[in-house]
Amino acid sequence: MKARVVVTLRSGILDPQGKAIEGALKSLHVDGIKSVRQGKIFDVELDAADRSAAEALLREACEKLLANQVVEDFQVEIP
């Protein structure tokens with residue numbers, strides 16, 4: 001089973017890397033971009049029996065390693 005985990009900074013947390021990307025796009029004359037926030041995407045292959053087991057396994061992985069829950073949120077996507 002394949003899944004995707006998307007990790008993003010929580011609202012209100014400063015994103016210096018996103019600001020740097022935003023500035024670089026402006027210096028390259030890419031107009032019309034209001035703001036940029038960066039995040040992480042993990043594509044994961046699972047050996048899980050069913051969808052609920054896969055989601056539980058991914059949530060555990062996020063809580064223990066993939067996401068810093070103090071400043072980041074995560075979303076588990078299983079197609």
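A residue is called buried here when its relative accessible area is under 20%, exposed when that area is over 50%, and partly exposed in between (1.4 Å probe, protein chains only). By this rule Glu72, with a relative accessible area of 12%, is buried. The structure is a predicted model, in which local features need pLDDT of at least 70 and side-chain atom pairs count only at pLDDT 80 or more, while totals for chains, interfaces and linings use all residues. Residues are numbered from 1 along each chain as its sequence is written, and side-chain values use heavy atoms, with hydrogens and water left out.

Contact is taken as heavy atoms within 4.5 Å. Leaving aside neighbours within four places in sequence, Glu72 touches Val7, Thr8, Leu9, Arg10, Lys40, Leu66 and Ala67. With one of these, Lys40, Glu72 forms a salt bridge, the closest N and O atoms being 3.4 Å apart. This pair links distant parts of the chain, since Lys40 belongs to strand S2 and Glu72 to strand S3 (residues 72-77), 32 residues apart. Lys40 counts as partly exposed, at 33% relative accessibility.

Side chains of opposite charge can pair when their charged atoms come close. The rule used asks for a side-chain nitrogen of Lys or Arg within 4 Å of a carboxyl oxygen of Asp or Glu, and the count comes to 7 salt bridges. In one of them, Asp43 pairs with Arg4, and the closest N and O atoms are 2.6 Å apart. Asp43 lies in strand S2 and Arg4 in strand S1 (residues 2-9), so this bridge ties together parts that are 39 residues apart in sequence. Asp43 is exposed, with a relative accessible area of 55%, whereas Arg4 is partly exposed at 34%.

Another bridge sits within a helix. Lys64 and Glu60 form a salt bridge whose closest N and O atoms are 2.9 Å apart. Both belong to helix H2 (residues 51-66), and because they are 4 residues apart there, about one helical turn separates them. Lys64 is exposed at 66% relative accessibility, and Glu60 is partly exposed at 36%.

Turning to the interior, a nonpolar core is defined as a set of buried Ala, Val, Leu, Ile, Met, Phe, Trp, Tyr and Cys residues joined through side-chain atoms within 4.5 Å. The largest such core has 11 residues, namely Ala3, Val5, Val7, Leu46, Ala54, Leu58, Cys62, Leu66, Ala67, Val76 and Ile78. S1 and H2 each supply at least two residues of this core, and the largest share, 4 residues, comes from H2. Val5, a member of the core, is in contact with Lys40, Ile41, Phe42, Leu58, Cys62, Phe74, Gln75 and Val76, its neighbours within four places in sequence being left aside.

Helix H2 also holds Arg59, which is partly exposed at 36% relative accessibility. Beyond its neighbours within four places in sequence, Arg59 is in contact with Phe74 and Val76. The C-alpha atoms of Arg59 and Gln75 are 8.7 Å apart in space, and the two residues are 16 apart in sequence.

H1 has 12 residues and reaches 16 Å from its first C-alpha to its last, close to the 16 Å expected at 1.5 Å a residue; the expected span is 1.5 Å times one less than the number of residues. His29, which follows H1, has a positive phi near 65°. Val30 is found in the loop between helix H1 (16-27) and strand S2 (39-45), and is partly exposed at 35% relative accessibility. Together with Leu28 and Ile33, Val30 forms a nonpolar surface patch with about 250 Å² of accessible area. Such patches are made of residues with over 30% relative accessible area and no salt bridge, with like charges joined within 9 Å and nonpolar side chains (Val, Leu, Ile, Met, Phe, Trp, Tyr) within 5 Å. Accessible areas come from the Shrake-Rupley method with a 1.4 Å probe, and for residues only the protein chains shown count as cover.

Gln38 is found in the loop between H1 and S2 as well, and is partly exposed with a relative accessible area of 25%. Neighbours within four places in sequence aside, Gln38 is in contact with Leu9, Asp15, Gln17, Gly18 and Ile21. The C-alpha atoms of Gln38 and Ile21 are separated by 8.5 Å, although the residues lie 17 apart along the chain.
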